[in-house]
Amino acid sequence: MIKFVTAGESHGKGLITVVSGFPSNLPISESYINNELRRRQSGYGRGLRMKIETDTAELFSGVRFGKTIGSPISMLIRNKDWENWAEKMSVSPIDREIEKITIPRPGHADLVGSQKYNYDDIRNSIDRSSARETAARVSAASVAKMFLEELGISIGSFVESIGGVYPKQNFVDKLFACKLPDKFNAKKINEEVDKSSVRVFDEAHEKKIISKIKTAKKNGDTLGGTFFVIVTGVPVGLGSFIQYDTRIEASIAHAIMSIQAVKGVEVGIGFEGAELFGSQVHDEIILKKEKFWRATNRAGGIEGGITTGLPIIIRAAMKPISTLMTPLNSIDLATMKKVEARRERSDFVAVPSCAVIAEGMAAWVVADFVLQKFGGDSIEETKNNINAYVRNNFQNIKKNFRRK
Ligand code: EPS
């Protein structure tokens, strides 16, 4: 239903996003988008680029007097560092010889990109595979977030671990056990963890993580980690078991797995469930007033590819950044000799940012499934459709199953 496409190189003029398929009359605020962009750039362990650039999105189309008009929404994020790259990334041919990058970094797209596209300069691989592209994604996803917020659906995320440093108590256990209010709003998570430089809940945990990152920096090394994304206020019935590509968790996993450096995604208790008895995993069905609920939420809000109405709980793993200041070995493509991999400006850790990007990707997928189910050319129509469905859902089931 909705689509977005991003364009732009990390050290080119900027990043462009075109978003289409959202209904009209949806309030859009540039400052909301810019706040999301700021959240993406934060976090202890990011590189120099985050200090020299503050991303802001300029809206070009699709919005009038602060509301969507149904036409494609386009946005531009200028690369403020462009002036230092104008020659190296020139669109037109230039007279001067530009030094080519010939040594690929293990773990990065440097080598495979050059092999695949038959490049003669690794710079071409670096610049589009860079996680810089996620700035454009976050601007697109901000539209999805504003859309979901209009419908009472919220997204939050937090870092669970960096470099294997886990908290004493995991916040998400309360969600698995249904120990938080049924109407818990995932935005509350962000209000809490955005105060932390590594997006965790408690200071002791933050301190341990920072000390681990300092060790990595000192050794010229990098770290990855795990994080959770939570979506609340989701209506029952998004997604379906009818085909492999209509299952909502498959689409969420795809979207989050597509983020640079993400290597694993779990739904609910995920891999842990594989070690337990069925009776320890499945969530008992209960009635709460006029609503079907679950006694626990180990399924992470999805059964049979369909949302249950409980919070969607996603966990993902990000590998360590592949640019190492104390490099691993590689091959110089110019000499075919063994050499140390190239050092270049980069981050040491980007897990807190990755969690923010994953929020955006999850929001995008949920917004898409909302529009697939409820449609609407205007936001008013979408709201009416959802309200009618939610209002009648329980009574319909009660009526359908009543013994005659
Ligand atoms: C990034 C911008 C990049 C890197 C990082 C993500 O800026 P630069 O390469 O100019 O320092 O900080 O990219 C990578 C870690 C990577 O491997 O490509 C950003 O805006 O998120």
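I started at Ser 161, whose side chain makes a polar contact of 2.6 Å with the side chain of Thr 226. By polar contact I mean a pair of N or O atoms within 3.5 Å; within protein, one must be able to donate a hydrogen and the other to accept it, and residues adjacent in sequence count only if both atoms are side-chain atoms.

Before going on, I noted that this is a predicted model, where local features need pLDDT of at least 70 and side-chain atom pairs count only at pLDDT 80 or more, while totals for chains, interfaces and linings use all residues. Residues are numbered from 1 along each chain as its sequence is written, and side-chain values use heavy atoms, with hydrogens and water left out.

**Ser 161**

I placed Ser 161 in strand 7, residues 154–162. Helices (H or I, at least four residues) and strands (E, at least two) are DSSP runs, numbered from the N terminus. Is Ser 161 buried or exposed? I found it buried, with a relative accessible area of 2%. Buried means under 20% relative accessible area, exposed over 50%, and partly exposed in between (1.4 Å probe, protein chains only). I then listed its contacts, leaving aside neighbours within four places in sequence: Tyr 166, Gly 224, Gly 225, Thr 226 and Val 351. Contact here means heavy atoms within 4.5 Å.

**Ligand**

Next I looked up what surrounds the ligand. The shell holds His 11, Arg 40, Arg 46, Arg 49, Met 50, His 108, Ser 130, Ala 131, Arg 132, Arg 345, Ser 346 and Asp 347. I sorted the shell into 2 nonpolar, 4 polar and 6 charged residues. In that sorting, Ala, Val, Leu, Ile, Met, Phe, Trp, Tyr, Cys and Pro count as nonpolar, Asp, Glu, Lys and Arg as charged, and the others, Gly among them, as polar.

Then I checked distances to ligand oxygen atoms. A polar side-chain atom of Arg 345 lies 2.6 Å from one. For an N or O atom in the side chain of Arg 46 I read 2.9 Å. For Asp 347 the value is 3.4 Å. Taken alone, the ligand exposes 470 Å², and the protein buries 94% of that. These areas come from the Shrake-Rupley method with a 1.4 Å probe.

**Asp 347**

I stayed with Asp 347. It sits in the loop between strand 16 (337–340) and helix 11. Asp 347 is buried, at 13% relative accessible area. What does its side chain reach at 2.6 Å? I found the backbone nitrogen of Gly 47. The Asp 347 side chain also makes a polar contact with the side chain of Arg 46, at 3.2 Å. Beyond four places in sequence, Asp 347 touches Gly 45, Arg 46, Gly 47, Met 50, Thr 222 and Ile 321.

**Nonpolar cores**

I turned to the cores. A nonpolar core is a set of buried Ala, Val, Leu, Ile, Met, Phe, Trp, Tyr and Cys residues joined through side-chain atoms within 4.5 Å. The largest has 72 residues, and those with the most contacts inside it are Phe 22, Phe 147, Leu 148, Ile 162, Ile 256 and Val 370. Helix 11 (residues 351–374) gives the largest share of this core, 16 residues. Another core, of 15 residues, lies apart from it and includes Leu 175, Val 193, Phe 228 and Val 281. In soluble globular proteins, nonpolar side chains tend to be buried together.

I also followed Ile 256. Not counting residues up to four places away, Ile 256 touches Val 262, Val 265, Ile 314, Ala 316, Ala 358, Met 361 and Ala 362.

**Thr 68**

I found Thr 68 in strand 5. Thr 68 is buried, with 2% relative accessible area. A polar atom of its side chain lies 2.7 Å from the backbone oxygen of Pro 23. Thr 68 and Ile 28 are 40 residues apart along the chain, with 6.8 Å between their C-alpha atoms.

**Two positive phi values**

I finished with two loop residues. Phe 65 lies between strand 4 (63–64) and strand 5 (67–68). Its phi is near 50°, a positive value in a residue other than glycine. Phe 65 counts as exposed, at 74% relative accessibility. Met 336 has a positive phi of about 60°, although it is not a glycine. I found Met 336 in the loop between strand 15 (329–332) and strand 16. Met 336 is exposed, at 59%.

Methods:
A residue is near a molecule or strand if one of its heavy atoms lies within 4 Å of it.
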